Structure formats: structure tokens, C-alpha cells
Amino acid sequence: MMYSEKVLDHFSNPRNVGEIENADGVGEIGNAKCGDIMKMYLKIDNGIITDAKFKTFGCGAAIATSSMATELIKGQSIEDALKLTNDAVVEALDGLPAVKIHCSVLAEQAVRSALSDYYTRQGIDPLPIVGEIKEPEE
């Protein structure tokens, strides 16, 4: 299985690892089949994601996709972060092996899950904005 330099870099030196105390949104998503679990923490100020951190229990690709997803949404508006797709994560990492694409879906869903939590904490129904959070298929 071949990984791009970027995947290896984000696996070896993941960005934004850890937790955010008093996060504005926390999302957790898991894939029962492969055992990967991602937890994403967001700090949001005036609709802008000022910080994003993650904790991922999983394979190298799961760690790399979480790392890249946090990099892609930091400094972005919530609206832009909601447009983040797993394809964009894969592209930013210069590709992933087909059997690891589900890791990028996990990263996308973790972001959505954290944003969903953010809206819930604001007393806003997240469903119309964020959509349904799906457990990724293999």
C-alpha cells in the first residue's frame, strides 16, 4: 500500500493533536468495522473556527486525515467548514489508497459532528444546517 509524502508527514507529525478545554463544539465519530475513533474539538468565535484539535484512535490514514481536516477548517467560517468533503481531505493529502478512503469520510463526519454539537449548545437544531451525521461505511 502506497501512501503519499503528505499522508506520511501528517501521520508522523500530526497537526493540532489534543483537546480544547471549554471547546464550543465537540464531535466524536467511530467506525465499528475498522475500530477507528475520531474526536474533534472546535473553538468558534463569531462564526469563525479559531482553533481545531483532534484525538484519533486508529490507523495512520485516520490520523493523517484528522490532522489535515483540522488544518483545512482552521480560520474558516462555519459555512465553509460545512462544505468540507472527504474528497477535499483526500486531495489535500495527495490521495489515499482505496481501502483507506473511509478514513477521510470519518474526518468529514467528525467535523460535522463537532459543528452539530456547537449548534446544539447554542440551542439551535443542527439538523437543517449540518445534516445527518452518518457512521461511515467501509
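What follows is a short walk through helix packing, the nonpolar core and a handful of individual residues.

The model is a predicted one, so local features need pLDDT of at least 70 and side-chain atom pairs count only at pLDDT 80 or more, while totals for chains, interfaces and linings use all residues. Residues are numbered from 1 along each chain as its sequence is written, and side-chain values use heavy atoms, with hydrogens and water left out.

Helices and strands here are DSSP runs numbered from the N terminus (H or I, at least four residues, for helices; E, at least two, for strands). Helix H1 (residues 5-12) packs against helix H2 (residues 60-73) at an angle of about 90 degrees, and their axes lie 8 Å apart. The axes are lines fitted to C-alpha atoms, for helices over the stretch in contact, with angles running from 0 to 180 degrees between N-to-C directions. H1 is therefore roughly perpendicular to H2, a label that covers 65 to 115 degrees (under 35 is roughly parallel, over 145 roughly antiparallel, and the rest oblique). On the H1 side, the contact (heavy atoms within 4.5 Å) involves Val7, His10 and Phe11, and H2 brings in Gly60, Ile63, Ala64, Ser67, Met68 and Glu71. By type, that contact splits into 5 nonpolar, 3 polar and 1 charged residues, where Ala, Val, Leu, Ile, Met, Phe, Trp, Tyr, Cys and Pro count as nonpolar, Asp, Glu, Lys and Arg as charged, and the others, Gly among them, as polar.

Next comes the core. In soluble globular proteins, nonpolar side chains tend to be buried together. The largest nonpolar core has 35 residues, and Leu42, Ile49, Ile73 and Leu115 touch the most other members. Such a core is a set of buried Ala, Val, Leu, Ile, Met, Phe, Trp, Tyr and Cys residues joined through side-chain atoms within 4.5 Å; buried means under 20% relative accessible area, exposed over 50%, and partly exposed in between (1.4 Å probe, protein chains only). Strands S2 (36-45) and S3 (48-57) each supply at least two residues of this core, as do H2, H3 (78-82), H4 (86-92) and H5 (101-121). H5 gives the largest share, 9 residues. Beyond its neighbours within four places in sequence, Ile49 has contacts that include Leu42, Ile44, Ile73, Ala81 and Leu115.

Two residues stand out for their polar contacts (a pair of N or O atoms within 3.5 Å; within protein, one must be able to donate a hydrogen and the other to accept it, and residues adjacent in sequence count only if both atoms are side-chain atoms). Asn16 sits in the loop between H1 and S1 and, at 13% relative accessibility, is buried. Its side chain pairs with that of Glu71 at 3.0 Å and with that of Lys74 at 2.8 Å. Asn16 also has a positive phi of about 60 degrees, although it is not a glycine. Thr56, in strand S3, is buried as well, at 18% relative accessibility. The side chains of Thr56 and Ser66 make a polar contact of 2.7 Å.

Asn46, in the loop between S2 and S3, likewise has a positive phi, near 50 degrees, but Asn46 is exposed at 76% relative accessible area. Asn31 belongs to strand S1 (residues 25-31) and is buried at 4%. Asn31 and Glu135 are 104 residues apart in sequence, yet their C-alpha atoms are 6.4 Å apart.
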